[in-house]
Amino acid sequence: MGLYGDHVVPRIVNVACGLKPSKPLRQRVCEGLEGEVVEIGFGSGHNVPFYPDGVKRVSAVEPADLGWKLAAKRLRETSVPVERAGLDGQSLPFPDDSYDVALSTWTLCTIPDVARALSEVRRVLKPGGTLRFVEHGLAPDEGVRRWQHRLEPMQKRVFGGCHLTRPVVGMLESAGFTITELDEFYEEGAPKVMGANSLGVAVSN
Ligand SMILES: C[S@@+](CC[C@H](N)C(=O)[O-])C[C@H]1O[C@@H](n2cnc3c(N)ncnc32)[C@H](O)[C@@H]1O
């Protein structure tokens with residue numbers, strides 16, 4: 001990825017994703033985790049403190065070596081076994097039907113081929129397994145959308161490929177998930193262009 005992508009982006013992501021307003025959202029999205037969990041785009045492990053007791057093991061999928069290193073303290077402080085088990089959400093090195101729950105927080109914006117990644121998530125989830133997600137994407141308001149389209153090229157350069165205009169719900173439904181819980185809102189304290197969030201549960205049938 002180069003010096004900027006390998007050494008700067010993971011640090012920016014670590015700080016931006018560690019901001020306080022994200023914590024109650026992480027708490028909400030992690031509440032339903034249980035059993036064998038695969039986390040796509042683990043980053044620097046900001047969800048780790050919110051893994052509930054019912055989680056047996058987490059397979060973390062994260063391409064950035066530095067992200068994994070920055071997770072060290074959070075990993076030391078949890079009793080949940082977490083293994084960096086994959087590097088790319090687009091190609092998961094796991095057998096079919098192997099996970100109870102998948103977790104994705106602010107990651108579908110960045111994975112280059114998100115349709116492929118979602119198809120991989122469905123493949124490795126057991127039938128009826130769920131994807132728990134909180135993602136930012138295309139805003140509901142036309143005025144905000146215009147700014148999202150204008151700013152997206154810069155956003156992608158600065159934040160390692162992060163898109164502002166991906167339609168989260170549409171992508172999940174196109175991948176064959178059924179959304180059973182959904183809350184859509186602008187994140188408090190975040191600029192609207194980056195803070196149009198969808199939080200919920202999608203079932204893989
Ligand atoms: C905005 S960060 C979110 C990190 C983390 N999920 C969180 O909530 O703090 C996006 C993450 O997606 C990761 N990512 C980028 N491409 C990916 C891919 N192909 N597969 C899995 N993760 C990827 C990035 O390295 C980064 O850690």
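Modeller: A pocket here is an open set of grid points where a 1.4 Å probe fits, with protein on both sides within 12 Å along at least five of seven lines. Keep in mind that this is a predicted model. The second largest pocket has a volume of about 220 Å³. It's lined by 14 residues, and Leu138, Ala139, Pro140, Glu184 and Ser198 are the ones closest to its centre.

Now for the ligand. It's surrounded by 18 residues, with Gly41, Glu62, Asp88, Gly89 and Thr105 the closest. Sorted by class, that shell holds seven nonpolar, eight polar and three charged residues. A polar backbone atom of Gly41 sits 2.6 Å from one of the ligand's nitrogen atoms. Over at Arg26, a polar side-chain atom is 2.9 Å from a ligand oxygen atom, and an N or O atom in the side chain of Glu62 comes to 2.5 Å from an oxygen atom of the ligand. How much of the ligand does the protein bury? On its own the ligand would expose 590 Å², and 89% of that is buried by the protein.

Note on methods: Residues numbered from 1 in each chain as written. Predicted model: local features only at pLDDT ≥ 70, side-chain atom pairs only at ≥ 80, totals over all residues. Heavy atoms only, no water. Near = heavy atom within 4 Å. Polar contact = N/O pair within 3.5 Å; in protein donor to acceptor, adjacent residues only side chain to side chain. Areas by Shrake-Rupley, 256 points an atom, 1.4 Å probe, with all protein chains shown as cover. Nonpolar A, V, L, I, M, F, W, Y, C, P; charged D, E, K, R; others polar. 1 Å grid on protein atoms, 1.4 Å probe; cavity = no way out; pocket = protein on both sides within 12 Å on 5 of 7 lines; lining within 4 Å. Points joined across faces, edges and corners; volume = space filled by probe spheres on them.
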